[in-house]
Amino acid sequence: MAKVLVVTSGKGGVGKTTTTAAMGAALAQAGEKVVVVDFDVGLRNLDLVLGAERRVVFDLINVVHGVAKLPQALIRDKRVETLFLLPASQTRDKDSLTAEGVERVMAELKRYFDWIICDSPAGIERGATLAMRHADMAVVVTNPEVSSVRDSDRIIGMLDSKTVRAENGERVEKHILITRYDAGRAARGEMLSIDDVLEILATPLLGIVPESQDVLRASNVGCPVTLNSPASAPARAYHDAM
């Protein structure tokens, strides 16, 4: 049965899109059929991280509104044949998403894929709530600094109240992924320690992705770090998290 995973956080710039691409590519490399869905309508970036920006013809909003069929909007990755992208619209806004349309698209995706990974926009508004709405599991991405952790705590509360699973008396399986971690800075008290983050969020740890230029280089060339630099520390961290 298809699994729906949302990659989310309350704060922007913590690495949600990088994580979505890296984990999606790692799962696809392992033989799973994976689609990554960009819910950041109006500010799409997942296509850039995957190097597919010039191949976008139709997008999530087109499918939600019936302008295009799902197969027309899906983009197959050129490096891993079991990895697909459903891009966001760059010219519409989040109000263009409808709960009914997202439900229909998610149901159709479940017919074709083993994993549906939803790249959530930052914040707690419509795009974020629709991205997490059908999730079975959630990766809450946070940096080890106070504002990011506080916003992640708010997102955890939403996962426990704003999802289909929550409405049915079930729970979304949640894990914390700490990104941009620097052990030296943590030791000097310049960022929160791992123990501090986990104590505040009271949610199991999935993994720790260290601060690294490999992530930036991979994004700049349009390739997930797990494909572009598979031996790098961030890539190993993402593989270990899977």
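Author: Leu-5, Met-23, Leu-27, Trp-115, Met-137, Ala-138, Val-139, Glu-173, His-175, Leu-206, Ala-241 and Met-242 line the second largest pocket of this predicted model. About 180 Å³ of space lies in there. Helix 1, strand 6 and strand 7 each give two or more residues to that lining, and strand 6 has the largest share, with three. By class you get 10 nonpolar residues, one polar and one charged.

Now for the largest pocket: its volume is about 680 Å³. It has 34 lining residues, and Gly-13, Val-14, Gly-15, Lys-16 and Thr-18 are the closest to its centre. Two or more lining residues come from each of helix 1 (16-29), helix 6 (126-132), strand 7, strand 8 and helix 11. The class count here is 12 nonpolar, 13 polar and nine charged.

Helix 11 gives the largest share of that lining, four residues, so let's stop at one residue of this helix. Asp-214 sits in helix 11 (residues 213-220) and counts as buried, because its relative accessibility is 18%, where the cut-off is under 20%. Its side chain makes a polar contact of 3.0 Å with the side chain of Ser-212. Leaving aside residues up to four places away in sequence, Asp-214 touches Val-225, Ser-229, Ser-232 and Pro-234.

The buried residues of helix 10 are Ile-194, Val-197 and Leu-201. They fall within an arc of 65° seen down the axis, so they line one face of the helix. On the other side, Asp-195 and Glu-199 are exposed.

Notes. Residues numbered from 1 in each chain as written. Predicted model: local features only at pLDDT ≥ 70, side-chain atom pairs only at ≥ 80, totals over all residues. Heavy atoms only, no water. Buried < 20%, exposed > 50% of the residue type's maximum accessible area, 1.4 Å probe, protein only. Polar contact = N/O pair within 3.5 Å; in protein donor to acceptor, adjacent residues only side chain to side chain. Contact = heavy atoms within 4.5 Å. Arc of directions from axis to C-beta. 1 Å grid on protein atoms, 1.4 Å probe; cavity = no way out; pocket = protein on both sides within 12 Å on 5 of 7 lines; lining within 4 Å. Points joined across faces, edges and corners; volume = space filled by probe spheres on them. Nonpolar A, V, L, I, M, F, W, Y, C, P; charged D, E, K, R; others polar.
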